[in-house]
Amino acid sequence: MTTTTAKPANVPEQKGPDGGPLLEVRDLHVEFHTRDGVAKAVNGVNYSVGAGETLAVLGESGSGKSVTAQAIMGILDMPPARIPKGEILFRGQDMLKMSGEERRKIRGAKIAMIFQDALSSLNPVLSVGYQLGEMFRIHQGLSKKDAKAKAIELMDRVRIPAARERVGDYPHQFSGGMRQRIMIAMALALEPDLIIADEPTTALDVTVQAQVMDLLAELQREFNMGLILITHDLGVVADVADKIAVMYAGRIVETAPVHELYKRPAHPYTRGLLDSIPRLDQKGQELYAIKGLPPNLLNIPAGCAFSPRCPKAQDICRTEIPALHDVAERDGAAMPGRRSACHFWKETIHG
Amino acid sequence: MPDNKSPQVTPSSVAGAGPAVTGGLADTAAAGVAVAAELAAGTDKQTSTEKARSLGQDAWRELRRSWLFWASGILLVLLILMAAWPTLFTDVDPRQADLRNHYLTGPQWSHFFQADWFGYNVQGQSVYARTVHGARASIIVGVCVTLAVTLVGGIVGMLAGYFGGWLDTVLSRLTDVFFGIPLLLGGLVLLQAFTNRTIWTVTFALTAFGWMQIARVMRGAVITQKEADFVTAARALGAGTGRILFRHILPNVLGPVIVVATIALGGYIATEATLSYLGIGLKDPTVSWGVDISASQKDLRDGPHALLMPAGFLSLTVLAFILLGDAVRDALDPKLR
Amino acid sequence: MAETGKQDEALSDVVASDASTTAEVEAVLDAPVERGEPILQVRNLVKHFPLTQGILFKKQVGAVKAVDGVSFDLYQGETLGIVGESGCGKSTVAKLLMTLETATSGEVFYKGQDITKLSGRALKAVRRNIQMVFQDPYTSLNPRMTVGDIIGEPFEIHPEVAPKGDRRKRVQELLDVVGLNPEYINRYPHQFSGGQRQRIGIARGLALNPEIIICDEPVSALDVSVQAQVVNLMEKLQDEFNLSYLFIAHDLSIVRHISDRVGVMYLGKMAEIGTDVEIYDHPTHPYTQALLSAVPVPDPDAREGRERIILTGDVPSPANPPSGCRFRTRCWKAQDKCAEEIPLLAVPEVFAGRKTPAAHESACHFAEEKQVVGAA
């Protein structure tokens, strides 16, 4: 087996204030040591986000997209998790080498996270206002009264109606959409540079989903934050992302600017995903279905992890792990930001 | 920031009593590993070498790795052997007394398995032989009370949980009333009514005041399982109450009940000894640890071995059952760890 | 409206002329229905869950109006999709049709028999013919039973369907039909992935050769790449076994893909119902329009040309729904009339008699056509 650890992306980035990208993940590996063996959840992931930029990380369950985010936040349970290799650079500093105290200062204040399930992320026995104000009391040492005023201001900002009256309410008194707004308010409280949103709208109804995504995009522009949006929903991504990284079995299999990806996928997995979702504006006959099942993380297939499910797989796919190649036009013109981890990316993108 | 959502790596669906439902959407490592475990077989329509494993087999796999289980298990096997065939361990008659030669003789620690190993008591009886023979009463009472309590409490809890409504109200209040009576006090009072107290009367008394905990556990578990989708699915197929209760709900609630029962077993043994010590449980010609502790208390200063040996075995037995319960709980519900 | 009225009369005739002995009822239930004829007719179905207070003596203090007067027909061989947001009552409708809940009022006619009033053997016969596929493949299979026992259980409950010696073979056939290895018969559910479990659930639903399968969000818990497999399987089985599906989901794209007709529910009522083209390309109810416009389309280019209607606020509580039209609190067209008068589910007057796809039943006083899904 050849090693194909991809080099960090040499893609032009929107730079953070000090020249480099805001956050850069380099060759990150995460394993889980379980009774049944070592589950390789993340196997060499590289990505970066600049200020004001939205990176969507797309993948199915088990693709390692959430584990990567948890590694960035430093909220993986270790053990069983282990990070054998890799760097997570925040403004050029490797967070994996920082002390617990240093990381804690970054977490919440500089990088904040929004979870899928707002109800279980909020403490049910404390009022929403108290939980929002807590951030200010702990990190900025504000008085109780000032913290409450700040909490109301935040609730206004995420457009919770009647914030002043509702500041003393408890999480269960809010609807799902409102709770997700509170989570967003909490993440925004200390005006972080980067927000990681892990499936922020999956648990919400369609009409509420649209409201929440709009709010998130608007706040991102207002504060010029970096946003990592983790999702399995190709539709949600299409709306807000600038660039997309598609993950499969712990690796990035394709990166592309958002419009490009949908028009001309360069990896058979991405193509399969796009073909397998029914469209609202078209009534197709039979859906294309990717055959088989996602791989076993304890026993990832040799070569390209997607090869057992891939309609185009050749012998080389079963033996050699494909590197994340730069993708180019038919005439050799560079396609900035586009990379594909497929031996046959040319055939895939150019037909 | 609430630091939740840390991935549970124990593949819950492999050994878990209840698979953690994150929905296929949640992308936690758990989901990945869970998928992984099932996928060891490969894709659909592909023959596989993986054997069918029931949850019981998974629990056994888990148990095998637990030192708690082996330690308590070996201890319990010895104790049960002792209860069933005491003559395997000693051929000395525990009731044979020789006051002239042996009055409160101290233990001879090097005389393994001999009559004088643990010394003699105030009656000149072999403490070793009495300790070996005393295991029977304790273990029979412990096991029988546990079985009876599981049966009574299980039925009450199941009826209350499954049928709900007024039946639940009545049974739950009845449980509460009994909870108000301490096991020991209840046993004391009830046993007063019997002049001839045997192992069976003690069992009856302890059961009468000990079934409530199981009833509560059972009721809670049944209420949870009753709402489970697979129960709804069975109802949708037209399954009757009996089938739903015994085929679908019961196998899924046994786990917590077994755990509670195993842990409680130790407590019943201790209670039996306490009753006997108080002179209200088993009585002299019956050989029992409680009876012996009671009989030798007044000689604590002259011959402490006569009290400490049965007391030590009693503690060891109780401990073994509690540890076993812990190990079983861990095996049945890896999420607790 | 007039048409439905006539249908109802015809229906009550059928019911009246029916003798009521169980055997005859059973005979009626087992008779085949022509393709394109209604096989299930739901009329004014209502389910209120009482809200009670007190420990020993319970006092009703209100009711959650989960389903509040829903009517529709399911035709033989078709797929009727029911869409709506959480709390709109779509899952309760499924439970009512399965007689897992007792309806507060209203009727469900299956081949002319009101199944809400059946019991005993006749009800069992109905259950044989109406089966269900559940949302969550992880909780809908008993973890303590093998796959063979799970799929074979329908035969144990209805022994007349398959003789004892045949059952194992039947289970293996069913496994094969849903695309699983028949050798998996002795495995336990936890040894399968979500998609495979859902196939097991479908095999259980098929075991009794039912005519109707009610699917409550059958793919929403599955991974995207596996969803397509299951949807394709369901379509294949529909053709093979001539099934009628009631397909309940919140994912409008999948519902469009699989359904012949679609009903849109909001707060316990049907807002709009029609063929998939009528609903998706010519919606006339503002809620349908908002719902469709909010669906994220996985195509950034198609996206940009689309108008998006972003609704304000949340769905009101079904315990205390708004007066008049239930959608009026979030509707941009709402007027006084909407608060006073409940709009009926009927072809709106503006479109009445006209031959246009917009002329389908819609419960809005101010129904008008609006294209929200960009044609591709």
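**Entry 1: chain A, residues 23–274**

I started with residues 23–274 of chain A, where the chain is 40% helix and 28% strand. I note that the model is a predicted one. The UniProt record, an unreviewed entry, places the feature "domain: ABC transporter" on residues 23–274 of chain A.

**Entry 2: A:R107**

I looked up where A:R107 sits. A:R107 belongs to the loop that runs between α2 (100–106) and β6 (111–114) of chain A. Is A:R107 buried or exposed? I found a relative accessible area of 18% for A:R107, under the 20% cut-off, so A:R107 counts as buried. I then checked the side chain of A:R107, which has a polar atom 3.1 Å from the backbone oxygen of A:M73.

**Entry 3: A:E286**

My next residue was A:E286, in the loop between α11 (268–276) and α12 (315–319) of chain A. With a relative accessible area of 61%, A:E286 is exposed, because the cut-off for that class is over 50%.

**Entry 4: chain C as a whole**

That contact took me to chain C. I counted 13 helices and ten strands in chain C. Chain C has 376 residues, and 59% of them are buried. I looked at contacts in chain C between residues at least 6 apart in sequence, and 67% of these join residues at least 24 apart. The accessible surface of chain C is about 14500 Å², with 50% of it belonging to carbon and sulfur atoms.

**Entry 5: a sheet in chain C**

I traced an open sheet of six strands in chain C, in the order β6-β7-β8-β3-β9-β10 and with mixed pairing. Why do β6 (130–133) and β10 (269–275) of chain C stand at the edges? Each has a single partner strand, so one side of each has no neighbour in the sheet. On average, neighbouring strands of this sheet are turned by 20 degrees against each other, direction ignored.

I then followed β9 (residues 261–266) of chain C, which pairs with β10(C) in the antiparallel sense over six bridges. Opposite C:M265 I found C:M270, which lies in β10(C).

**Entry 6: helices on that sheet**

Helix α7 (residues 194–206) of chain C lies across β6 and β7 (212–216) of chain C, and runs at about 175 degrees to β6(C). Helix α8 (residues 224–241) of chain C packs on the sheet, where α8 touches β3 (79–83), β7 and β8 (244–249) of chain C. The direction of α8 makes about 160 degrees with that of β8(C).

**Entry 7: chain B**

I ended with chain B, which has 14 helices and zero strands. Of its 337 residues, 52% count as buried. Taking contacts in chain B between residues at least 6 apart in sequence, I found that 68% join residues at least 24 apart. For chain B the accessible surface comes to about 15000 Å², and 64% of this belongs to carbon and sulfur atoms.

Notes. Residues numbered from 1 in each chain as written. Chains lettered and ligands numbered in written order. Predicted model: local features only at pLDDT ≥ 70, side-chain atom pairs only at ≥ 80, totals over all residues. Heavy atoms only, no water. UniProt positions renumbered as here; feature names shortened; annotations may be inferred. Helix = DSSP H or I, 4+ residues; strand = E, 2+ residues; numbered from the N terminus. Buried < 20%, exposed > 50% of the residue type's maximum accessible area, 1.4 Å probe, protein only. Polar contact = N/O pair within 3.5 Å; in protein donor to acceptor, adjacent residues only side chain to side chain. Contact = heavy atoms within 4.5 Å. Areas by Shrake-Rupley, 256 points an atom, 1.4 Å probe, with all protein chains shown as cover. Pairing = 2+ DSSP bridges. Axes fitted to C-alpha atoms, helices over the stretch in contact; angles between N-to-C directions.
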